Amino acid sequence: MTTQAPTSDTELLFNYIDKNQDMFVQTLKEWVAIESDSSSSALFGKVMQMVNVTAEKIRSLGGDVELADIGSQQMPDGEIVQLPPVILAELPKDSNKPTLCIYGHVDVQPAKKEDGWLTEPYVLTEINGNLYGRGATDNKGPVLAWLHAVEAYQALKQDLPVNIKFIIEGLEEIGSYGLDALTKQRNDTFFADVDYIVISDNIWISNKPGLTYGTRGDCYFYVKVSGGKQALHSGAHGGSLFEPMADLIALLDSLVDAKGQILVPGIYDDVAPLTEEERKLYENIQFDLEEYKNNIGVTRLIYDKKEDVLMHYWRYPSLSIHGIQGAYADPGSKTVIPNKVIGKFSMRQVPNMDPVVVEKQVTEYLHEIFAKRNSSNTLKILMPIAAKPWVANVNDPQYVAARRAIKTVFGVEPDMIREGSTIPIAWNFQDVTKKSVMMLPICGADDGEHSEKEKISRSNYIEGTKLFAAFFYELAQLR
Ligand SMILES: C[C@H](N)C(=O)N[C@@H](Cc1c[nH]cn1)C(=O)O
Ligand SMILES: [Zn+2]
Ligand SMILES: [Zn+2]
């Protein structure tokens, strides 16, 4: 904690943030307690509750909040559901200042204690300076850090150097349904006076702060194999049946080899070629393979060189199998033949891949594999999420402001990094609004997003709040 007497407005802000850190952690605890898991529409009520709590917090900062209706959506199971609204908010405006639009999300991935959590997933628990809980790092902590940075200016009666708008949604984890259409609809109104769009929804790749200029996209697939009318006894019926689960496993097994190579014909055709200039970029990135393996708990990776590992996270596609719905997954030995199973996998996309082409390639390939099995079952393939990869212009002025703010708070120049995961709306924001989009992460490389060890460190949460406060200042200095 800073104990020296403050000497400037910035130090006053940092002092305020340090002194109020317990209160900021308490608010994060209250937010984590809301199980705003967007993975199933049955839980949209909790997402809605979380959206309302966020809206109330923005109102308490003097924000004018609209809960924008984004209509309904047919979910992968066929059900049509009303979607939780998106927060479009604005703090009081001064036309002489630049306008920053902050995007974030308050929905989370599913979490159950029995997945292997050491703490209750929805009870924020501090252990050795780390705050464990679902949503702590992805993305409730960073959203609150933005709000607390604003709060610090207001509490000290310091003039906010920039105008601030917020777009906060509750469906990011399932592909940001409705947000692209809303962006198009509000391009000439809400977005008209926006100068910069900033997102803090990703992680550093080491203990050194990073500044992110690219993300991969994502095509998420459901592969549904259906057989008879009901599940059957495997002793009474196994032997002469085409079993849906066996078909599905064969289909999933045909997608990717043991070296991570995607086996779908044509999938690498559109991947941007690697230039010598780009290849050199990876050499200077701080990324310790041993530390990385240790963080994620594995003994060996497919690649031994740092550069290859980074490239396979950032600039090559990857395919991951996530689960099988309808398969028997509980402890114990049930001898059943499931009659309907849905395999779920996703492919991370990179420039210059196109989700429309990917969908065609994957669908045709899986139908070919299935046809060769000559099974009596039926196959249906859906692609409910299609998010494009995003790459920014690093010479954009926002990046200058962010670098300066990072230097102020952390005393170092950031690593310029890309992100292997996806923020579905990033590409759309850039494409539709033509505004500058930047990602300014505050979360640690070992934060375990989506895992049963999700956390944010107290230090990243609090220093990240300072970073955002310093970023407001630096952004205004650009003029
Ligand atoms: C990076 C961000 N915090 C995140 O976790 N995004 C999700 C979005 C997504 C993509 N497909 C389905 N959801 C992710 O990258 O998994
Ligand atoms: Zn996120
Ligand atoms: Zn996430």
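This is a predicted model: local features need pLDDT of at least 70, side-chain atom pairs count only at pLDDT 80 or more; totals for chains, interfaces and linings use all residues.
## Strand pairing

Two strands pair if DSSP finds at least two bridges between them. Strand 13 (residues 318-325) is joined to strand 15 by 7 bridges, and the two run antiparallel. In this pair, Ile324 stands opposite Gly343 of strand 15.

Strand 11 also runs antiparallel to strand 15, with 10 bridges joining them. Val225 stands opposite Val341 in strand 15. How many of the 10 residues of strand 15 (residues 340-349) are buried? The count is 7, so strand 15 is largely enclosed by the rest of the structure.

## The whole chain

The protein chain has 14 helices and 20 strands. Its radius of gyration is 23 Å, close to the 23 Å that the globule rule gives for 479 residues, so the chain is as compact as a globular protein of that length. Along its principal axes, the C-alpha trace spans about 80 × 50 × 50 Å.

Of the 479 residues, 43% count as buried. Now take the contacts with a separation of 6 or more: 81% of them are accounted for by residues 24 or more positions apart.

## Two domains

The chain is divided into two domains. Domain 1 covers 9-215 + 389-477, and domain 2 covers 217-272 + 315-387. Their C-alpha centres lie 33 Å apart.

The domains touch: 9 residues of domain 1 are in contact with 12 residues of domain 2. Which classes of residue make up the domain 1 side? There are 6 nonpolar, 3 polar and no charged residues.

## Around ligand 1

Ligand 1 is surrounded by 17 residues. The closest are Asp138, Asp201, Asp218, Ser421 and Thr422.

Where do they come from? Domain 1 and domain 2 each supply at least three residues to the shell.

## Helix 13

Helix 13 spans residues 425-433. Its buried residues are Ile425, Ala426, Trp427, Asn428, Phe429 and Thr433. Just after the helix comes Lys434, with a positive phi of about 60 degrees.

How values were computed. Residues are numbered from 1 along each chain as its sequence is written. Chains are lettered from A and ligands numbered from 1 in the order in which they are written. Helices (H or I, at least four residues) and strands (E, at least two) are DSSP runs, numbered from the N terminus. The radius of gyration is taken over C-alpha atoms; the globule rule is 2.2 Å times the number of residues to the power 0.38. A residue is buried if 20 or more other C-beta atoms lie within 10 Å of its own, exposed if 12 or fewer, and partly exposed in between; C-beta atoms are placed from the backbone. Two residues are in contact if their C-beta atoms, placed from the backbone, lie within 7 Å. Domain bounds come from an automatic or database domain assignment. Ala, Val, Leu, Ile, Met, Phe, Trp, Tyr, Cys and Pro count as nonpolar, Asp, Glu, Lys and Arg as charged, and the others, Gly among them, as polar. A residue is near a molecule or strand if its C-beta atom, placed from the backbone, lies within 6 Å of it.
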